[in-house]
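Hi everyone, thanks for coming. I have a two-chain model to walk you through, so please have a look at it with me.

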Amino acid sequence: MDELELVRVFRRECGEPSPAARAAARESLLAVIEDESASKARRERREGGDGARRAVTDGLVWLSGADRALLDRFPHERARYSSLGALVLAVAIISAAGVALLAEFSGVPQVVAMVIALVYGGVSLSLDRWLCATIGGRRRDARAIVSAIPRILLGALLALLIAEPVALRIFDAEVTTRAAADSMRASAEFERARRSDYERLEHIYDRLNARQARLELRLRNGSSDRTANRRDADGRRSDQRRLAMVRRQLSRVRVQLLRVEGEIVMSAVTRPRERLALLSRLRALQELARENTTVLVTQWALRLFLLLLFALPVASRIAMAMGKPSAYERLADHLDERSLRAWITSTERLRDEITIAHQAAADQWLRRWRQEFLAQHEGTMDGDDGMAVATDVAARSTPPSRERAD
Amino acid sequence: VELDFRFLFEAHYDEIASYARRRQPDRSLADDVAQATFLEAWRSRATYDPDKGSPRSWLFGIATNLLGRHIRSEQRRLKAYQRLALRAAPRPDEQERVHELLDARRMQQVVAPVLAALPPGQYEVLTLFAYADLSESEISQALGVAPGTVKSRLSRARAALRARLATEVFGASDG
């Protein structure tokens with residue numbers, strides 16, 4: 001019996017495990033496996049849902065102008081940028097809706113209004129995304145705010161424009177009543193004025209008519225009197241001229257009378273169906289705002305709200321950039337800096353290569369020129385003079401690098 | 001690598017439990033260790049590397065680590081065996097096997113103090129070799145030590161045992 005056999009024999013008696021312990025161990029292991037499998041299935045189901053959510057947040061991060069691949073290294077910063085993207089999207093949608101309302105308000109056909117709204121929504125989206133992408137990193141100073149000014153101005157302009165139709169919608173009942181009353185009053189005044197015109201024209205017409213009758217009577221009487229002298233003949237001609245003039249005036253007055261009468265009839269016919277004009281509605285709103293503080297405050301609050309809303313993505317990005325730069329921003333800066341440095345280095349290398357190539361070409365040209373010069377003057381100069389001239393010319397013309405090269 | 005733990009359990013529970021019982025005289029503790037070995041293996045299944053050894057040696061490595069937490073109690077019990085062997089006389093029902101029992105007691109008297117005196121590293125290698133029938137390479141995989149280290153620990157442990165046997169058993173019988 002060797003020593004190992006001795007060790008084995010020493011504990012042989014207690015070697016076999018009990019079936020109960022085996023069953024208990026098996027049960028506990030299976031319970032753990034089952035539990036983990038169930039939780040894995042739950043996680044997979046959740047991750048299936050997460051896949052769609054991930055796609056949405058990816059889109060939102062893209063809208064925020066952040067570099068998605070870079071941001072993946074800092075998952076805790078994703079929420080900031082996806083929220084910013086959501087803000088950009090929301091503002092674009094609200095802007096588009098506002099522009100659609102504005103276009104519809106100004107009487108543009110609905111399809112055209114939709115197209116204009118979509119285009120403006122796209123412009124707002126791109127502009128905000130661009131600003132969010134460019135502000136931040138190294139650009140967290142006053143220049144960042146300056147670059148955002150055009151966007152803020154555009155937002156302010158749109159806010160002012162959109163606020164009016166929105167206010168009109170809010171105070172629709174009041175504005176309609178007010179504008180209708182104004183319109184009624186104006187139309188009553190118009191009708192009264194027209195009637196007064198009509199009466200005046202009628203009076204003129206009657207007078208002209210009476211005058212015409214008098215002149216016609218006088219001419220008729222005069223034509224029956226055969227003893228009329230020369231003087232009477234002159235008076236008759238004068239009466240005829242007057243009659244013609246009166247008839248012309250009469251016809252003019254008749255036309256005017258008809259026109260005024262037509263206007264009175266038209267105003268009476270169209271008044272009930274008349275759609276309140278945009279200008280009259282706006283005027284009614286202004287008058288309401290002048291008379292009622294609530295309307296005035298609401299109108300300005302609306303303008304301010306829309307202005308803040310449209311400037312919100314850019315303002316948020318500026319606020320984000322003004323704080324301590326995050327890990328993502330620092331890395332983005334670093335990569336920007338590195339790519340800029342790489343570009344500068346490559347440009348400098350290219351410049352050096354070009355300079356060297358130019359110098360080499362100049363050297364070659366000079367060498368050839370010197371050889372030609374020496375060949376031409378070989379016969380006319382003796383060797384030493386020719387060489388002296390050529391060397392002198394070459395020394396004055398040759399770039400220093402050539403001398404170094406030689 | 002996807003390990004089928006149901007299969008692993010069926011294939012290796014008995015030998016793991018047997019190894020635990022041989023090492024840990026407290027049976028309930030040994031059974032707990034055997035059970036905990038598979039639970040621990042399940043939890044750390046991601047760390048299993050097939051290049052570093054078979055699942056069997058990996059399981060024995062986990063069991064050895066778990067038993068290592070109770071190594072002091074093992075050593076205390078081994079010393080107790082020695083004292084018991086010296087004091088206890090066979091009970092009446094053991095009278096028929098008295099020679100056999102006396103041999104067993106004697107073995108306890110010889111083996112227990114040597115095992116109790118072994119450094120933990122040598123003790124683990126020796127028990128894995130003797131109780132779990134692991135080869136030297138499997139022991140090296142299980143304990144995560146170099147094969148040369150396993151070999152030297154095993155030979156030192158065996159040499160210690162042999163030396164004791166030479167004086168206590170073989171030496172006595174020879175004399």
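I'll go through the interface, then the charged pairs, then a cavity and one backbone detail.

Some housekeeping first: this is a predicted model, where local features need pLDDT of at least 70 and side-chain atom pairs count only at pLDDT 80 or more, while totals for chains, interfaces and linings use all residues. Residues are numbered from 1 along each chain as its sequence is written, chains are lettered from A and ligands numbered from 1 in the order in which they are written, and side-chain values use heavy atoms, with hydrogens and water left out.

Let's begin with the interface. Here 36 residues of chain B are in contact with 29 residues of chain A, contact meaning heavy atoms within 4.5 Å. Arg6(B), Arg22(B) and Trp42(B) supply 19% of the area that chain B buries against chain A, more than any other three residues.

Now the charged pairs. How many salt bridges does the rule find across the interface of chain B and chain A? There are four, counting a side-chain nitrogen of Lys or Arg within 4 Å of a carboxyl oxygen of Asp or Glu. Over all chains, the whole structure has 25 salt bridges. Keep an eye on Arg22(A): its side chain meets that of Asp14(B) in a salt bridge at 3.0 Å, N to O. Arg22(A) also forms a salt bridge with Glu10(B), with the closest N and O atoms 3.4 Å apart. Because Arg22(A) lies in helix H2 (residues 19-63) of chain A and Glu10(B) in helix H1 of chain B, this pair joins two chains. Helices here are DSSP runs (H or I, at least four residues), numbered from the N terminus.

On to the cavity. The structure holds one cavity of 30 Å³ or more, a cavity being a set of points on a 1 Å grid over the protein atoms alone where a 1.4 Å probe fits but cannot get out. The largest cavity has about 50 Å³ of space, the volume being that filled by probe spheres set on the points, which are joined across faces, edges and corners. Of its 11 lining residues, the closest to the centre are Arg11(A), Arg22(B), Arg23(B), Leu78(B) and Tyr123(B), where lining residues have an atom within 4 Å of a point. H4(B) gives the largest share of the lining, three residues.

Last, the backbone detail. Asp133(B) sits in the loop between H6 and helix H7 (136-143) of chain B. Its phi is near 55 degrees, a positive value in a residue other than glycine.

Conventions:
Buried area = accessible area lost by both parts, 1.4 Å probe. 1 Å grid on protein atoms, 1.4 Å probe; cavity = no way out; pocket = protein on both sides within 12 Å on 5 of 7 lines; lining within 4 Å.
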